[in-house]
Amino acid sequence: MSRAELPTVVLPGGERVPALGQGTWGYAEDPARRADEIAALRHGVDLGMTVVDTAEMYADGGAEELVGAALGDRRDEIFLVDKVLPWDASRAGTVEAAERALRRLGTDRIDLYLLHWRGGHPLDETVAAFHELRDAGKIRNWGVSNLDAADMAELAAIDPGAATDQILYNLTRRGPEWDLLPWLRERGIPVTAYSPIEQGRLLGHPALDAVAAAHGATAAQVALAWVLRDGDVLAIPKATGTAHVEENRAAAGLALTADDLAALDRAFPPPDRARPLQML
Ligand code: NAP
């Protein structure tokens, strides 16, 4: 399958990015897996999964370094997402964290820089730092992660320009459908769904297996196709081997039927009231 066949999501500024990217949490923790992790990332980019998500938190900067080593020669092909830790997210600290990240990544710019979750620093300080970084060309877009609807409303009053809210969203974590997803949709802010296959815990679930069997697919592919079903969610599964990368890429071509969606709703009911946003 070519890159052109991957569906895309539209960022608020109009830029289109593929709806299926690659996560890196857990990368760079075991030197014995490094070659497989690099191969997975490069193969994923070959297949069009050019959104690469990392964070200063992952392996204490090791994942950023690994992404740089894996994709430094293909920088212009990828859309690089990185995150600042909340305790670094003061006005000056955010800028310093980004500069450290750029050095580890071996690049001059981050395409989308996120506040990893809300901490003690006022949001307006972090946003001011994002503006400074953007004006200096060190980041191209900014956004947030793990912010619930009330936090998003507070943020929007400071600056409505967040390019995404990266949240825990999968079949077992449907709470955001009650309020956060509608809030973001009304404003044209795409969601990034992290842990889309619940870190592997969705594998082997009978309801997923039944839908998968009907399509000659796998449970992981059903979990991903479900997250991608509405066209305005970006999913960033993490995979280590190229086989998982290929399987995940093929999930973008899996069209779930109304019957499939109804069966999944019965097994994983949508929320019937507001619930706090969960995070991993
Ligand atoms: P995930 O992508 O839901 O699951 C990853 C697990 O699923 C790994 O054990 C992986 O195994 C396995 N897997 C992947 N593809 C598979 C396939 N086709 N068949 C069977 N197993 C498969 O969980 P995640 O890593 O937590 O989330 C994805 C990314 O989201 C992270 O890597 C990170 O970049 C981001 N994230 C962000 C936050 C945040 O707070 N913003 C929090 C969590 C995650 P292998 O590695 O062996 O392939």
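This tour goes from the ligand to its surroundings and then to a pair of aromatic rings. The model is predicted, so local features need pLDDT of at least 70 and side-chain atom pairs count only at pLDDT 80 or more, while totals for chains, interfaces and linings use all residues. Residues are numbered from 1 along each chain as its sequence is written, and side-chain values use heavy atoms, with hydrogens and water left out.

Select the ligand. Around the ligand are 27 residues, each with a heavy atom within 4 Å of it. The closest are Asp53, Ser195, Thr240, His244 and Asn248. By type, the shell holds 10 nonpolar, 12 polar (Gly counts here) and five charged (Asp, Glu, Lys and Arg) residues.

Alone, the ligand exposes 900 Å² (Shrake-Rupley method, 1.4 Å probe), and the protein buries 88% of that.

Now show helix H9, residues 242-251 (a DSSP run of at least four residues). Helix H9 gives the most to the shell, three residues.

Finally, select Trp87 and Trp117. There are five aromatic pairs (ring centres within 6.5 Å). Trp87 and Trp117 form one that is edge-to-face (planes over 60 degrees apart), at 5.7 Å centre to centre and 75° between the planes. Trp87 is in the loop between strand E4 (79-84) and helix H3 (91-105). Trp117 is in the loop between strand E5 (110-115) and helix H4 (123-135).

How values were computed: Helix = DSSP H or I, 4+ residues; strand = E, 2+ residues; numbered from the N terminus. Phe/Tyr/Trp six-rings, centres within 6.5 Å; stacked < 30°, edge-to-face > 60°.
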